Amino acid sequence: MTLKECKKEEKADREFQKKFKFEGSINVLTQMMVDPAVTEKRGGGKNLPLRRGEILDVIQFTDQEHILCRNSQRRYGYVPRAAMLHL
């Protein structure tokens with residue numbers, strides 16, 4: 001990883017912590033897959049776009065309906081629990 005990429009990731013992590021009022025270090029709890037049968041949705045606000053079959057890093061189980069996740073492009077957002085499958 002180059003220095004430029006490393007700084008870009010650090011900036012994205014700081015922006016995530018500010019936007020979601022997340023304190024502490026960002027740790028991946030597990031990985032889950034978006035259900036292939038779910039309809040794809042565009043992200044918006046604090047929601048992450050859904051793509052069928054995509055593997056997401058779970059950052060936090062927020063409540064009964066949503067999970068805070070990170071996708072492969074290092075974008076963060078909420079995803080409905082009903083759209084997720086355990087690997």
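Buried, as used in these legends, means a relative accessible area under 20%, and the model shown is a predicted one.

**View 1. Helix α1 and the residue that follows it.** Helix α1 takes in residues 3-19, and because 17 residues at 1.5 Å a residue should span 24 Å, the 24 Å that separates its end C-alpha atoms agrees with expectation. The helix is followed by Lys21, whose phi is positive, with a value of about 50° although Lys21 is not a glycine. Lys21 has its place in the loop between α1 and β1 (30-34), and with a relative accessible area of 70% it is exposed.

**View 2. The annotated span, residues 16-85.** An unreviewed UniProt entry carries the annotation "domain: Helically-extended SH3" for residues 16-85. In the model, the end C-alpha atoms of this span lie 24 Å apart, and the span is 6% helix and 34% strand.

**View 3. The largest pocket and its lining.** About 170 Å³ of space lies in the largest pocket. Its lining is made up of 13 residues, of which Lys19, Phe20, Gly45, Arg75 and Tyr76 are the closest to the pocket centre. Helix α1 supplies 4 residues, the largest share of the lining, and by residue class the lining divides into 5 nonpolar, 4 polar and 4 charged.

**View 4. Arg74 in the loop between β3 and β4.** Most residues other than glycine have a negative phi. Arg74, although not a glycine, has a positive phi of about 60°, and its place is in the loop that runs between β3 (66-70) and β4 (76-80). With a relative accessibility of 24%, Arg74 counts as partly exposed, whereas Lys21 is exposed.

Definitions and conventions. Residues numbered from 1 in each chain as written. Predicted model: local features only at pLDDT ≥ 70, side-chain atom pairs only at ≥ 80, totals over all residues. Heavy atoms only, no water. Helix = DSSP H or I, 4+ residues; strand = E, 2+ residues; numbered from the N terminus. Expected span 1.5 Å × (residues − 1). UniProt positions renumbered as here; feature names shortened; annotations may be inferred. 1 Å grid on protein atoms, 1.4 Å probe; cavity = no way out; pocket = protein on both sides within 12 Å on 5 of 7 lines; lining within 4 Å. Points joined across faces, edges and corners; volume = space filled by probe spheres on them. Nonpolar A, V, L, I, M, F, W, Y, C, P; charged D, E, K, R; others polar. Buried < 20%, exposed > 50% of the residue type's maximum accessible area, 1.4 Å probe, protein only.
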